[in-house]
Amino acid sequence: MGIQIFADSACDLPLSFFKENHVHLIPLTVYVEDKSYDDLVGIDPKEVFRLIRAGVGTKTSQPSPQYFEKLFTDLAKSGDTGIYLAFSSELSGTYQTAAMIAEQVKEACPDLDLTVLDTKCASIGYGLVVKAAADLRKNGAGKEEIVRDAAFRSKHMEHIFTVADLDFLARGGRLSKTSAFFGGLLNIKPILDVEDGKLIPIEKIRGRKKLLHRMLDIMEERGTDLEHQLVGICHGDDEAAAEEMKQLIEARFGTKQFLINTIGAVIGSHAGPGALSVFFLNELP
């Protein structure tokens, strides 16, 4: 009996990761001018950012109940055990739908062995949880150990990020329109984090240099042994900003391991071009 791991495209890991590590990708849906695409599979995130810059509207949605029903039924028939590490339930209904369908499938297939975990994480913060799970499985860990580690990392994962334009978060209901208006009016950039799965604005900073260094200050305040952690960096189609952040973190903390990627189409539709985020643990397993 094997262990199958499932994860949403909102973990912002590259498509190659899923193929190389045998993790099942559950793509969320991106709508561009009313045409739907499977995130990561059907459309490249860079193309979504190009369209957003051109003024094209985008929307996102979770997978259908029918998708989960087939996925979990196939798992039950395979005889394998499963771990579904889900995108934060505070940012998407994906977890709730998956948990509900898992219960329904279990009624028809009592042998279904599936743990559905709400990571309360997003983007590469979520991706770091998924990567650790895949690494543990590769090293021979059992289901209970993998789930326990994923739950710990989910609880202690820090998400510190900023956006170039607050209007994107406001349009998607992730930030009040009043906050977006005043931020844009004064050219103030926010620093936000994720607390118990929710997006929380924590500070407003004027000036890019001050913004980046304040993000580093927060890392220092919250992080543990950053020199030896795998730190995640995600960017809204701005590789130069991600590289700048990487160099600042290296210089300040001596960090040697990084996981850097473009924000995926689903998260990117809400964060917008120019978003920049860092992810790290505030306590080590």
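## First stop: Q96

Select Q96: at 39% relative accessibility, it counts as partly exposed. On this tour, buried means under 20% relative accessible area, exposed means over 50%, and partly exposed is in between, with a 1.4 Å probe and protein chains only. Q96 lies in helix α4, which covers residues 94–108. Helices (H or I, at least four residues) and strands (E, at least two) are DSSP runs, numbered from the N terminus. Q96 and E220 are 124 residues apart in sequence, and C-alpha to C-alpha they are 34 Å apart in space.

Before you click on, some ground rules: this is a predicted model, where local features need pLDDT of at least 70 and side-chain atom pairs count only at pLDDT 80 or more, while totals for chains, interfaces and linings use all residues. Residues are numbered from 1 along each chain as its sequence is written, and side-chain values use heavy atoms, with hydrogens and water left out.

## Zoom out

Show the whole protein as a cartoon. Along the principal axes, the C-alpha atoms fill a box of roughly 60 × 45 × 30 Å.

The protein exposes about 12900 Å², and carbon and sulfur atoms supply 50% of it; areas come from the Shrake-Rupley method with a 1.4 Å probe, and for residues only the protein chains shown count as cover. Of the 285 residues, 53% are buried. As for contacts (heavy atoms within 4.5 Å), take those between residues at least 6 apart in sequence: 76% of them join residues at least 24 apart.

## Into strand β1

Next, pick D8, which is found in strand β1 (residues 3–8). Is D8 buried or exposed? D8 is buried, with a relative accessible area of 0%. Show side chains here: the one on D8 makes a polar contact with the side chain of Y84, at 2.3 Å. A polar contact is a pair of N or O atoms within 3.5 Å; within protein, one must be able to donate a hydrogen and the other to accept it, and residues adjacent in sequence count only if both atoms are side-chain atoms. Leaving aside neighbours within four places in sequence, the residues in contact with D8 include F18, L25, T94 and Y126.

Move along to D12, in the loop between β1 and α1 (15–21). D12 is not a glycine, yet has a positive phi of about 55°. With a relative accessible area of 1%, D12 is buried.

## Follow Y126 into α5

Y126 is one of the buried residues of helix α5, along with S123, R137 and others. Select residues 123–138 to see the whole helix. At 1.5 Å a residue, its 16 residues should span 22 Å, and the end C-alpha atoms are 23 Å apart, which agrees; the expected span is 1.5 Å times one less than the number of residues. Of those 16 residues, 12 are buried, so α5 is largely enclosed by the rest of the structure. Just after α5, stop at G140, which takes a positive phi of about 95°.

## A pair of cysteines

## Last stops

From C234, step to S277, which touches C234 as well as I160, F161, G232 and I233, not counting residues up to four places away in sequence. S277 is found in strand β13 (residues 276–281) and counts as buried at 4% relative accessibility.

Finish with D196, in the loop between β9 (189–195) and β10. Its phi is near 50°, a positive value in a residue other than glycine. D196 is exposed, with a relative accessible area of 55%.
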